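Here are my notes from a look through this one. Keep the structure open beside you as you read.

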Amino acid sequence: APRTPLPSRENRLSPATHSLVTQAHMLMSHGNFDGASSTLDRALRIEPNNPLLWIERGRLRLAENDAHQAEGCGRKALALASGDRSAQRQAGALLVDALRAQRRNQEAHAVESQPFMH
């Protein structure tokens with residue numbers, strides 16, 4: 001029998017975490033990285049397995065010039081995003097940016113060549 005592909009999963013933010021992410025973006029735009037970080041931490045306490053929140057946290061870490069922490073967030077998001085092509089692509093892009101920021105270009109290129117990035 002032909003194998004049917006697994007249905008694709010799409011991660012979404014709950015209304016509560018969506019509101020917190022919006023708040024974190026506003027705080028970041030005003031340069032309040034500490035406030036944005038604690039706001040994203042609250043969102044992660046609500047939905048710890050949502051890859052979209054790990055991507056948000058990683059983007060914040062990159063903005064703070066903490067590429068090592070951003071890489072960890074990207075890897076965590078990628079691990080949580082299985083089956084969600086959009087989240088996988090976003091997590092992969094974060095991981096590529098974090099690796100490039102650490103001048104680990106070969107590793108970044110390896111991530112870019114993964115099927116989920118295309």
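1. Start at G31, which comes after helix 1 and has a positive phi, near 80°. Bear in mind here and below that this is a predicted model.

2. Helix 1 itself covers residues 15-29, and its length checks out.

3. Which residues of helix 1 are buried? They are T17, L20, V21, A24 and L27. Look down the axis of helix 1 and these buried residues fall within an arc of 120°, so they line one face of the helix.

4. Now turn to the face of helix 1 that points away from its buried side: the exposed residues P15 and S29 are carried there. As for the buried residues of helix 1, what covers them includes helix 2 and helix 3.

5. That brings me to N50, in the loop between helix 2 (33-46) and helix 3 (51-63). Is N50 buried or exposed? Its relative accessible area is 4%, and buried means under 20%, so N50 counts as buried.

6. What does N50 touch? Its side chain makes a polar contact of 2.9 Å with the side chain of E47. Setting aside neighbours within four places in sequence, N50 is also in contact with N11, R12, L13 and L80.

Definitions and conventions. Residues numbered from 1 in each chain as written. Predicted model: local features only at pLDDT ≥ 70, side-chain atom pairs only at ≥ 80, totals over all residues. Heavy atoms only, no water. Helix = DSSP H or I, 4+ residues; strand = E, 2+ residues; numbered from the N terminus. Buried < 20%, exposed > 50% of the residue type's maximum accessible area, 1.4 Å probe, protein only. Polar contact = N/O pair within 3.5 Å; in protein donor to acceptor, adjacent residues only side chain to side chain. Contact = heavy atoms within 4.5 Å. Expected span 1.5 Å × (residues − 1). Arc of directions from axis to C-beta.
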